[in-house]
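The sequence and structure come first.

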Amino acid sequence: MSERGDFLIHRYLDGLASAAEEAEFGRLLAADARVADAFARATRMDAALEELFVDGRDRRSAAAIVDAVAEPQAPAVPVRWSLRWVAAAALLLALGTGILYLMRNRQQPPVTLAANPVYAVAAGRVLVDGVEDGQIHDGAEVEVVGDQAAVILLADGARAELAPATKAVIRHGRVIELNEGSGQFQVAEAAGRLHVETPVGKVSAAGTEFAVELEPWEREATDEPMSQQVAMALIVGVLSGNVDVHYGDRHYPLGIGENRVYAANKPPAGRKNPDIIGQVAMVSDGGRAITLELPDGKRGRTNKRLLYLTDETRLAYVNVPWRRDRPTPGYQASVWLADGSTDTAAAVTFKGNKSSAPAPSLSGRVSGVSADGKEITLELAPPKKGKPAAKATIKIVEKTRATYALVPFFAEKPTVGYHVSVWLADGSKDTAAAVAFSGKKGSAPMPDVTGTVTAVSADGKEVTLQLPSRTKGQPGAKTTIKITNETKVSYPGVKGGRPAPGLTASVWLAKNSSDTAAGIQFIDLRAARKPDSAKTPAKKGDSGLSAFFAVPRVIELTPEQQPKVTAIIHELEPQYKDYLRRKEAVLTPDQKLALAVATRAAREAGLTDKRQIQEALDAAANITQEQKERMQAFVREEKDLRKRFLDKLTTILTDEQKAKLAKPKPVGKASAKPKVS
Amino acid sequence: LEAHRVEHRGEFITLFLKHQADLKAFIGSLVRDRHARDDVLQEVALTLWQRFSTYEPQRSFGAWARGIAAKKILQRWEKLDRMPQPFAPQVIQALLDAYERTAAAAPARSDALERCLQDLPDKSRRLLELRYEQALTLGEIARRVGSTLDAVHKALSRLRTRLQECVEQRLAAAGERLS
């Protein structure tokens, strides 16, 4: 066999082959049987080595394997089993011994589409076509009832967690028509794409976890003509991976951590750009006329324009606080005029700013809570220092909107000591329309312990957790946590609703205890761990690689320069891929998992202080000083690598291009985005 | 169908376990991510069992299983919309043929490999442990052993080649003894 073939086989096995080498290797394999035979032998050797070093170490007898697998867990609610489930179960039951070893990591048989798919409700309550049921047939209208989110198992392990009052229809296991409310969706990469369709836009993704919320900007006052206008905003947040939002005529790719708001107020067909953009200066009493201030291009001067809103005008509000979804001075307005009119709007999108939140009616510290939690007593800030604090009793009714910040999940209830801001209902002096509780300042609501459940006592009162390891390849320490009758336990999205090995637990310890939980939350992140393949270093054509080797936007490459740039990229690509691999290996898989959990907890707790978040994340993932230093070193290495690319790029540029590259960025303006070559 | 399943359960288990390692190697040759490879193996196992009633005993079980695995892998690549795909379909066919041509008894191969490993110096074993037991990247291994990525790659390549030769020799010697 050729030396080249041997070289490529080992490059491929060690994950070092570039895209060009992979292509060359493929051609060789197809053309030369000797190379293909050598590759077959080499991959057998590769697998045999892994078998000996990894699997062989804990190779078990058939009996031990059966013990390890135990019984497949039954779903939380009766499920009309699809053909595939039946087949999977039949396989498990039939094979019994050796093959179960294969299945040991998969507690839930894969679900794919049967002729009449049925989806199980793993948690929460839903009305299916108006009748409460534990299973949902394809195409049925679903409404989440009660105050808990409903977890619905879709095809191929995908999962939807729909918030209370959400209305949706599930079709073909992969399409969720979200008509009202919100949901969080998880889909493994291998499961294909999941589509969430809303009246505003469509969201689709694979190998990701994302949240979708439909926010109806309905007006509360029903005596206003415009109350009939129901504009909607689609809010999309990406918790992991990437999603694609189709809104209007465009696709918007969103990455991890990104949140975007899309207003339902699509521009009239064929008119993407608004006719008028200006700031709302005045609003008529009835809200039917607005005056906009328009810049006229001359310094310090503005024009004013009066516009009418009719029952047909479609209104949307973006980035405006709750209860401020009405034309308001200060909002930015984008206006599409009605056909043939110069003063009547067909559609208006109002854009607010965060600082325009309405002030609460009153705020203070909670000094008392009634037994049923329906009344709270506030200790208001004293009018003057030394004066006694005034008190107020506020009723919390069913319609009261309550939010919690800086409070762990198990303490989300009115509690003495919390700070609270109250917005009173219109015309009421003691009934809250909204309350916002927040925990004690400085008290980090992060879990004290996060780990993977390795064992659960027979009575379910003790769980053993494997903590994130500090060293790759070395298991982390284990700790046992007690669950008492006082412990608040939650299982968001966990099938079966009970502790089980493999789940990830976040523990908030009871006061003065090192092993008793005040709160414990179990989540199943195993599905989310799967798309590790997506994290492998970017190949040619992948966004990571393309972005890193992007030619600055100011440079227009000539056709002659293009291949030279490609050659530079080919030269540096192995180093970049190696850098990515090494960077990826800094944290152990458990630490990455703990980071994911802690990040979510920080987000849910509303933490905003970057330093506080970083410290909490470092603590949760047990990140060592050495690891921190290595991550910092990687930041420097990435900069160095980018600089090397730019240095090499400079050598092929013309003097004019070099001058553009060297030109300092304008002060106060965002730097130009790199252009992908 | 159910009666067939009950009747042939033992037969399937025997065949599957016999070919499991080789099947895993074949899938791993095309799907390099370990988790993804194990997922494909599970899917293939399920499909093999579902279609076992159509399996013709005169055919090679290994070839039948690899054929189904190849289809699953292609489906997976299509499903993931991975463009460009790692290999063209004709490469998969070439690999199917190569696996058929080079088939060998897995248990004998595994025993031979264990013996060959025992003959390796500690330093070489350590390198293999880092790569195969701890699944470290070559860059990470280089850092651990104070070497360069290229040197580690070359050392691992040599080790695999040496072990392969050792295994072939042992299998050949065992064959001669038997004959």
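A residue counts as buried when its relative accessible area is under 20%, as exposed when that area is over 50%, and as partly exposed in between. The model described here is predicted. By this cut-off A:R34 is exposed, because its relative accessible area is 55%. A:D32, with a relative accessible area of 16%, is buried. The side chains of A:R34 and A:D32 meet in a salt bridge, with an N to O distance of 3.3 Å.

**Composition of the chains**

Chain A holds 12 helices and 33 strands. Of its 677 residues, 44% count as buried. Among contacts in chain A with a separation of 6 or more, 55% are between residues 24 or more positions apart.

Chain B has 8 helices and 0 strands, and its pattern along the sequence is α-α-α-α-α-α-α-α. Chain B has 179 residues, and 49% of them are buried. For contacts in chain B between residues at least 6 apart in sequence, the share that joins residues at least 24 apart is 62%.

**Helix packing in chain A**

Helix α1 (residues 3–13) of chain A and helix α2 (residues 19–31) of chain A have axes that come within 10 Å and cross at roughly 125°. The two helices, α1(A) and α2(A), are therefore oblique to each other. The crossing of α1(A) past α2(A) is left-handed. On the α1(A) side the contact is made by A:R4, A:G5, A:F7, A:L8, A:I9, A:R11 and A:Y12, and on the α2(A) side by A:E21, A:E22, A:E24, A:F25 and A:L28. Sorted by class, this contact of α1(A) with α2(A) has 6 nonpolar, 1 polar and 5 charged residues.

The buried residues of α1(A) are A:G5, A:L8, A:I9, A:H10, A:R11, A:Y12 and A:L13. Just after α1(A), the residue A:G15 takes a positive phi of about 70°.

**Helix packing in chain B**

In chain B, helix α6 (residues 122–133) and helix α7 (residues 138–145) pack at an angle of about 140°, and their axes are 10 Å apart. That angle makes α6(B) oblique to α7(B). The crossing of α6(B) past α7(B) is right-handed. The residues that meet are B:R126, B:L127, B:L130 and B:R131 in α6(B), and B:L138, B:I141, B:R144 and B:V145 in α7(B). This contact of α6(B) with α7(B) divides into 5 nonpolar, no polar and 3 charged residues.

**Salt bridges**

Side chains of opposite charge can pair when their charged atoms come close. Over all chains, a search of the whole structure finds 26 salt bridges.

| Pair | N to O distance |
|---|---|
| A:R34 and A:D32 | 3.3 Å |
| A:K482 and A:D515 | 3.4 Å |
| B:D22 and B:R66 | 3.1 Å |

A:K482 forms its salt bridge with A:D515. This pair links distant parts of the chain, 33 residues apart: A:K482 lies in strand β30 (residues 478–482) of chain A, and A:D515 in the loop between β32 (504–509) and β33 (517–523) of chain A. A:K482 is partly exposed, with a relative accessible area of 34%, and A:D515 counts as partly exposed at 24% relative accessibility.

In chain B, a salt bridge joins B:D22 and B:R66. This pair also links distant parts of its chain, 44 residues apart, with B:D22 in helix α1 (residues 2–30) of chain B and B:R66 in helix α3 (residues 61–80) of chain B. Both B:D22 and B:R66 are buried. A network of salt bridges links A:R44, B:D22, B:R66 and B:E100.

Most residues other than glycine have a negative phi. A:A165 has a positive phi, near 75°, and is a residue other than glycine. A:A165 is placed in the loop between β7 (159–162) and β8 (167–171) of chain A, and at 47% relative accessibility A:A165 counts as partly exposed.

B:A135 is not a glycine, yet has a positive phi of about 55°. The loop between α6 and α7 of chain B holds B:A135. With a relative accessible area of 37%, B:A135 is partly exposed.

Note on methods:
Residues are numbered from 1 along each chain as its sequence is written. Chains are lettered from A and ligands numbered from 1 in the order in which they are written. This is a predicted model: local features need pLDDT of at least 70, side-chain atom pairs count only at pLDDT 80 or more; totals for chains, interfaces and linings use all residues. Side-chain values use heavy atoms; hydrogens and water are left out. Axes are lines fitted to C-alpha atoms, for helices over the stretch in contact, and angles run from 0 to 180 degrees between N-to-C directions. Helices (H or I, at least four residues) and strands (E, at least two) are DSSP runs, numbered from the N terminus. Angles under 35 degrees count as roughly parallel, over 145 as roughly antiparallel, 65 to 115 as roughly perpendicular and the rest as oblique. A crossing is left-handed if the near helix is turned anticlockwise from the far one by less than a right angle, and right-handed if clockwise. Contact means heavy atoms within 4.5 Å. Ala, Val, Leu, Ile, Met, Phe, Trp, Tyr, Cys and Pro count as nonpolar, Asp, Glu, Lys and Arg as charged, and the others, Gly among them, as polar. A salt bridge is a side-chain nitrogen of Lys or Arg within 4 Å of a carboxyl oxygen of Asp or Glu. Buried means under 20% relative accessible area, exposed over 50%, partly exposed in between (1.4 Å probe, protein chains only).
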